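Thanks for coming, everyone. I'd like to walk you through one structure today, so let me put it up on the screen.

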Amino acid sequence: MIPFLQSLHKIFDRDIAKMEAEISQYPTEESIWNIDGAIKNPGGNLCLHLCGNLQHYIGAVLGGTDYKRNRDLEFSAKNVSRHDLLAEIQRTRQAVATTLERLDPNLLEKDYPAPVFDYAMTTSFFLIHLSAHLGYHLGQINYHRRLCAASS
């Protein structure tokens, strides 16, 4: 694996592990789904969204898995058990790791093979975007979890 892919693999693995830790640290299973005030996306939905995003764009599109994304359900599902969320995180971690380990480095500077935005982008650009997207929502999960812990 080339250094760029090794670096991406480490970053994705680190942040997916952090998402697993965040979901594990919620004070109660119910608090994963707390909605309060202006917060409309609780940690559970953000977790489902990140797992769906990564399993689709990395696992299915680049890795050829049979994952079928249901983006609407990522935000509408409620009260999925902590156990099921953690299992989904593990499936995501495996899909990302397997795909990045097997990814042909020549694809990195070719256009990402599926339309996402209203402009073309290289696969390397989109992988960096996905990493930033993961970090952005991971911060939201952390903040939500700390708010829940403070109110319990």
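Let me start with a term. When I say patch, I mean residues with over 30% relative accessible area and no salt bridge, where like charges are joined within 9 Å and nonpolar side chains (Val, Leu, Ile, Met, Phe, Trp, Tyr) within 5 Å. The areas themselves come from the Shrake-Rupley method with a 1.4 Å probe, and for residues only the protein chains shown count as cover. A salt bridge, in turn, is a side-chain nitrogen of Lys or Arg within 4 Å of a carboxyl oxygen of Asp or Glu.

Two quick notes on where this comes from. This is a predicted model, so local features need pLDDT of at least 70 and side-chain atom pairs count only at pLDDT 80 or more, while totals for chains, interfaces and linings use all residues. Residues are numbered from 1 along each chain as its sequence is written, and side-chain values use heavy atoms, with hydrogens and water left out.

Okay, the patch. I2, F4 and I128 make a nonpolar one on the surface, and together they have about 220 Å² of accessible area. I128 sits in helix α5. By helix I mean a DSSP run of H or I of at least four residues, and a strand would be a run of E of at least two, numbered from the N terminus. Is I128 buried, exposed or partly exposed? With a relative accessible area of 45%, I128 is partly exposed; the cut-offs are under 20% for buried, over 50% for exposed and partly exposed in between, using a 1.4 Å probe and protein chains only.

Now to helix α4, residues 82–102. Quite a few residues of α4 are buried, among them L85, I89, R93, V96 and L100. And what covers them? The cover includes α1 (3–25), α2 (43–60) and α5 (123–151).

Please find R93 for me, in helix α4. Leaving aside residues up to four places away in sequence, R93 touches D13, I16, A17 and E20, where contact means heavy atoms within 4.5 Å. With D13 there is a side-chain polar contact of 3.0 Å. That term means a pair of N or O atoms within 3.5 Å; within protein, one must be able to donate a hydrogen and the other to accept it, and residues adjacent in sequence count only if both atoms are side-chain atoms.

R93 also forms a salt bridge with E20, the closest N and O atoms being 3.5 Å apart. This pair links distant parts of the chain, with E20 in helix α1 and R93 in helix α4, 73 residues apart. E20 counts as partly exposed, at 22% relative accessibility.

Two more of them are worth a look. In helix α1, E22 and K18 are four residues apart, about one turn of the helix, and their side chains meet at 3.2 Å, N to O. E22 counts as buried, at 0% relative accessibility, whereas K18 counts as partly exposed, at 37%. In helix α4, R91 and E88 are three residues apart, so about one helical turn separates them. Their side chains meet at 2.4 Å, N to O. R91 is partly exposed at 44%, while E88 counts as buried at 15%. Why does that spacing work? An α-helix has 3.6 residues a turn, so residues three or four places apart point the same way.

Over in helix α5 you'll find N142. N142 is buried, with a relative accessible area of 18%, and a polar contact of 2.7 Å joins its side chain to that of R146.

Last stop, the loops. N79 is in the loop between α3 (71–76) and α4, and is exposed at 61% relative accessible area. Its phi is near 60 degrees, a positive value in a residue other than glycine. Most residues other than glycine have a negative phi. P105, in the loop between α4 and α5, is partly exposed at 37%. P105 and T123 are 18 residues apart in sequence, and their C-alpha atoms are 9.8 Å apart in space.
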